[in-house]
Amino acid sequence: MKIKLLFTAVLTAVSVSLFAQDGSEFRTLFNKGDARWGGEFTFFGTGASFNDRFYGGGGFEFGAIRNHSMEFGLFLEGFGSETHTDYKITPGEKYFIGGGYGGVFIKPIIMPTSPVHFSIPVRIGGGGVGYYSAEYFWDDDCYHYHNYYNDEEDECAVFVFEPGINVDFNMLKHFQITLGVSYRMFGSLSLDYRGNKGKILGRQDLNGMIYSLGFRFGWF
């Protein structure tokens with residue numbers, strides 16, 4: 001249901017843009033006369049909830065913008081869940097799910113000259129997800145550094161596909177704030193406990209809505 005609502009919002013935004021265009025001129029996304037190029041760099045934070053746990057993350061993207069209306073670029077993002085005690089491993093020790101991924105994106109921009117406008121990012125990439133001991137990562141006394149090869153319960157490589165829609169606000173000539181919602185889908189996600197103790201995460205467990213806040217700097 002959530003992904004249907006997301007795609008409905010995307011189609012509505014595209015329809016509004018098409019009806020707002022001047023019908024006397026034939027225009028396409030890739031050919032609007034003389035090409036004008038810009039570029040941007042974005043810092044963003046994300047939040048989501050899966051299986052009653054909060055997941056926070058963040059990353060950056062940079063891209064080239066053609067004729068104010070189409071952007072191509074690269075992105076990198078990391079995320080982690082809140083920690084919890086897992087009694088299947090070590091009583092009293094906390095664990096969390098974390099990962100990172102990167103890749104390429106394409107982003108049509110709708111009504112780019114308006115102070116408030118829309119963009120439709122589609123991300124494709126790959127990375128890794130794991131189940132880690134929080135004691136190893138955040139022990140101030142470094143007691144767990146000697147367990148370097150045992151800090152993860154399991155890890156796996158993943159493929160990522162993430163379509164979304166953003167509302168962009170032109171704050172200054174070279175600065176925008178963007179609010180976004182996307183639907184992130186992982187491929188081949190599978191994390192298991194050691195010793196045949198069962199599954200930690202399956203393929204669908206982290207698929208869902210991601211909410212983001214970004215700060216964009218550049219020539220739009």
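This is a predicted model: local features need pLDDT of at least 70, side-chain atom pairs count only at pLDDT 80 or more; totals for chains, interfaces and linings use all residues.

Visitor: Which elements give two or more residues to the lining of the second largest cavity?

Guide: The lining of this cavity includes Thr46, Gly47, Tyr55, Gly56, Glu77 and Phe79. Arg184 and Ile210 are also among the lining residues. The elements that supply two or more residues are strand 1, strand 2 and strand 3.

Visitor: By class, how many residues in the lining of the second largest cavity are charged?

Guide: Glu77 and Arg184 are both in the lining. Four lining residues are nonpolar and four are polar. The number of charged residues is two.

Visitor: How many cavities of 30 Å³ or more does a search of the whole structure find?

Guide: The largest cavity has about 240 Å³ of space. The search of the whole structure, with its limit of 30 Å³ or more, gives a count of two.

Visitor: Which element gives the largest share of the lining of the largest cavity?

Guide: This cavity is lined by 20 residues, and those nearest its centre are Glu61, Pro121, Arg123, Asn166 and Ser212. Strand 1, strand 8, strand 9 (175-187) and strand 12 each give two or more residues. The largest share is five residues, and its source is strand 12.

Visitor: Is Arg123 buried or exposed?

Guide: Arg123 belongs to strand 7 (residues 122-133). Its relative accessibility is 10%. Buried means under 20%. Arg123 therefore counts as buried.

Visitor: With which side chain does the side chain of Arg123 make a polar contact?

Guide: Beyond four places in sequence, Arg123 touches Phe44, Glu61, Phe75, Glu77, Val104, Phe105, Val160, Phe161 and Glu162. The polar contact between side chains is at 2.9 Å, and the partner is Glu77.

Visitor: How far apart in space are Pro163 and Phe105, C-alpha to C-alpha?

Guide: Pro163 sits in strand 8. Pro163 is buried, with a relative accessible area of 5%. In sequence, Pro163 and Phe105 are 58 residues apart. In space, C-alpha to C-alpha, the distance is 9.4 Å.

Visitor: Which residues that line the second largest pocket are the closest to its centre?

Guide: The second largest pocket has a volume of about 270 Å³. It is lined by 15 residues. The closest to the centre are His68, Pro112, Lys173, Gln176 and Phe220.

Visitor: Which strand supplies the largest share of the lining of the second largest pocket?

Guide: The lining has six nonpolar, six polar and three charged residues. Strand 8 (152-172) and strand 12 (208-219) each contribute at least two. The largest share is three residues, and they come from strand 8.

Visitor: Now the rings. Is the pair of Phe41 and Phe60 stacked or edge-to-face?

Guide: The count of aromatic pairs comes to 13. In the pair of Phe41 and Phe60, the centres are 5.7 Å apart and the planes make 20 degrees. Planes under 30 degrees apart count as stacked. The pair is therefore stacked.

Visitor: Which strands does that pair link?

Guide: Phe41 and Phe60 are 19 residues apart and join distant parts of the chain. Phe41 is partly exposed at 30%, and Phe60 is partly exposed at 29%. The linked elements are strand 1 (residues 37-50) and strand 2 (residues 53-66).

Visitor: How many residues apart in sequence are the parts that Tyr55 and Phe79 tie together?

Guide: Tyr55 and Phe79 form a tilted pair, 6.4 Å centre to centre with 45 degrees between the planes. Both residues are buried. Tyr55 lies in strand 2 and Phe79 in strand 3 (residues 70-81), so the separation of the tied parts is 24 residues.

Terms used:
Residues are numbered from 1 along each chain as its sequence is written. Side-chain values use heavy atoms; hydrogens and water are left out. On a 1 Å grid over the protein atoms alone, a cavity is a set of points where a 1.4 Å probe fits but cannot get out, and a pocket is an open set with protein on both sides within 12 Å along at least five of seven lines; lining residues have an atom within 4 Å of a point. Grid points are joined across faces, edges and corners, and a volume is the space filled by probe spheres set on the points. Helices (H or I, at least four residues) and strands (E, at least two) are DSSP runs, numbered from the N terminus. Ala, Val, Leu, Ile, Met, Phe, Trp, Tyr, Cys and Pro count as nonpolar, Asp, Glu, Lys and Arg as charged, and the others, Gly among them, as polar. Buried means under 20% relative accessible area, exposed over 50%, partly exposed in between (1.4 Å probe, protein chains only). A polar contact is a pair of N or O atoms within 3.5 Å; within protein, one must be able to donate a hydrogen and the other to accept it, and residues adjacent in sequence count only if both atoms are side-chain atoms. Contact means heavy atoms within 4.5 Å. Rings of Phe, Tyr and Trp (its six-membered ring) pair if their centres lie within 6.5 Å; planes under 30 degrees apart count as stacked, over 60 as edge-to-face and the rest as tilted.
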